[in-house]
Amino acid sequence: MLKFSDNKRPTVQESRRKKGSDVVIEGIENQIALLQDPSFKVERYRYTDHRNEDGSVSRKKKLIAAKPRKWYWKNDDDIYFVELRYGSSYIFEVEAGKPSIECGPEKQDIVEVLETVKKMIIEGKLDKQIADCKDRARRRVK
């Protein structure tokens, strides 16, 4: 007896694409590594213009090591704040209208906040917010 299904094989593009939660978790892990080692760098691709022998210009993809952009800062009262991001450009709000989280006076406080958010993501508590941010990124709206 045959058991039919409506499942389709994922395309190559779909199977390569990261889940939204993986994008945010990767960013959190990069920030924690940057806090623990200020010389931490991530590998990423940059596109540069390359002049060909015939004089035409083409875009070339080049792998570089670069420091991740900091998500955290200190205010005038010496309290650290962190602004979560989806990728590097899109602000990820855990609570609507509140783009940052107050951490405390020490860098270790930032790590604790990031670990807490990471745990919330793994438990699926922020799936709606991640989906909204992913949709904004797809439409290129900041």
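Contact here means heavy atoms within 4.5 Å. Keep that in mind as you work through this predicted model.

**Exercise 1. Work out what the buried side of helix α3 packs against.**

Step 1: Find the buried residues. In α3 they are Asp109, Ile110, Val111, Val113, Leu114, Val117, Lys118 and Ile121.

Step 2: Think about helix geometry. An α-helix has 3.6 residues a turn, so residues three or four places apart point the same way.

Step 3: Look for the partners. The buried residues of α3 pack against the helices α2 (20-36) and α4 (127-139), and against the strands β3 (72-74), β4 (80-82) and β7 (101-104).

**Exercise 2. Check the span of helix α3, residues 107-122.**

Step 1: Take 1.5 Å a residue; the 16 residues should then span 22 Å.

Step 2: Look just past the helix, where glycine 124 takes a positive phi of about 85°.

**Exercise 3. Classify the 2 aromatic pairs.**

Step 1: Start with tyrosine 72 and tyrosine 80. Their ring centres are 6.5 Å apart and their planes stand at 70°; planes over 60 degrees apart count as edge-to-face, so this pair is edge-to-face. Both tyrosine 72 and tyrosine 80 are buried.

Step 2: Turn to tryptophan 73 and phenylalanine 81. This pair is stacked, with 5.9 Å centre to centre and 15° between the planes.

Step 3: Tryptophan 73 is partly exposed at 36% relative accessibility, whereas phenylalanine 81 is buried at 17%.

Key. Residues numbered from 1 in each chain as written. Predicted model: local features only at pLDDT ≥ 70, side-chain atom pairs only at ≥ 80, totals over all residues. Heavy atoms only, no water. Helix = DSSP H or I, 4+ residues; strand = E, 2+ residues; numbered from the N terminus. Expected span 1.5 Å × (residues − 1). Buried < 20%, exposed > 50% of the residue type's maximum accessible area, 1.4 Å probe, protein only. Phe/Tyr/Trp six-rings, centres within 6.5 Å; stacked < 30°, edge-to-face > 60°.
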